[in-house]
Amino acid sequence: MTEIENASVLPRSVLVADNRLYRRIWQDPDSVSLLEDLDAMVIPYSGKPEMNEQQVAAIRGVLIKAGQLTSGVLLIKNPYEAEGYEFAEFAVESFAAAKYHALANVARLLGAQEVRFVEAKVELDDAKWSAGLNVRTPAARGGADLSKEVSKKLKARLEVEMKFPGSDPAPDDALRYLGRRNLSNDQQLRDLVEMRTGSNPISSYKMTFSGTRESAANLKSGLKLANAGPVEAVDIGASFSKTANKLSSVEITTEITF
C-alpha cells in the first residue's frame, strides 16, 4: 500500500521520531510494542521502519503532501478531514474551531444571514485519583489559568460574526456537506437541517455544541504516545499532554439568524 484511500485506516495519531529515538524504541524490550500500534503510530523520520513498512510509507506520503513530515513532532488526526493532521500543540483549539466553522457552513447552506459566536467554555478535570484510594483529591493549582489559556487560543481562531446575504435553504446540500466533514451522526446539526426544511422553518437558533466530541478518541490516542516513557523523556508533545490530560470538554455557544 503506497497510498491510503480509506480514511478509516489512517492512524488517529502519529509520532515522527528522529531516527535515533526510533532505534532506541526498537531496541528496548519495554517499548518495542509501541511500533506495533497502527492506531497511535510511531514512524521514523527517514530511516527504514522495522515494522508496518507499507503503512509507514503511506503515512509519510500523507505528511509529505501536507508539509508536515518533520522530525520530532506529534500529530493528531483531524476528525473532520479525510487525510488531515494537526500538530498536537494546536490540536484542541484547531479541532474545536473546525467544528464551529463547519456549523457556520451548514447554516450558510440553510440560508443563514448571520452566525455569531457567543462564548466558549473550557472544562478541565481538576481532580485526580489518589493512588490506592478510591477517592478524588484536588489536583495542583493552575487549572483555572490553563482553562483561560485554552479559551484565549480558541477565541483567537473564531470569527465573532459571519454575515451572508441569505438564501433559500438547501437541506440536501447541507446533508452532503455533513457527510464530507464526517458529521452525519451529529444529531444537533441534523435537527438544524430538519428545522429549516419544509413549512414554518426556524428563523433563529441559539446552539451550544461540543467542540471535542468527534476528536476525543484522537486526542486520547495522541496522549498515549506523548505519555509513553521514551517519548515523554524527550518532551515530545509535552505542551499538548499538559492540556489534553486535564481537558474534560469544550463547549461553544453560537447564535444563528436566518
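What does the accessible surface of the protein come to, and what share of it belongs to carbon and sulfur atoms? About 13,400 Å², with 48% belonging to carbon and sulfur; the areas come from the Shrake-Rupley method with a 1.4 Å probe, and for residues only the protein chains shown count as cover.

Hi everyone, a quick word on the ground rules. This is a predicted model, where local features need pLDDT of at least 70, side-chain atom pairs count only at pLDDT 80 or more, and totals for chains, interfaces and linings use all residues. Residues are numbered from 1 along each chain as its sequence is written, and side-chain values use heavy atoms, leaving out hydrogens and water.

Now the overall picture. The protein has nine helices and 10 strands, which are DSSP runs numbered from the N terminus (helices: H or I, at least four residues; strands: E, at least two). Of its 258 residues, 46% are buried, meaning under 20% relative accessible area with a 1.4 Å probe, protein chains only.

Let's look at one helix pair. Helix H3 (residues 91-109) packs against helix H5 (residues 171-180) at an angle of about 160 degrees, with the axes 8 Å apart; axes are lines fitted to C-alpha atoms over the stretch in contact, and angles run from 0 to 180 degrees between N-to-C directions. That makes H3 roughly antiparallel to H5, the term for angles over 145 degrees. In H3, His-101 and Leu-109 are among the residues meeting H5, whose side includes Asp-173 and Tyr-177; contact means heavy atoms within 4.5 Å.

Finally, Ser-248 lies in strand E10 (residues 247-257). Its C-alpha atom is 7.7 Å from that of Val-122, 126 residues away along the chain. Thanks, everyone!

Key. Buried means under 20% relative accessible area, exposed over 50%, partly exposed in between (1.4 Å probe, protein chains only). Angles under 35 degrees count as roughly parallel, over 145 as roughly antiparallel, 65 to 115 as roughly perpendicular and the rest as oblique.
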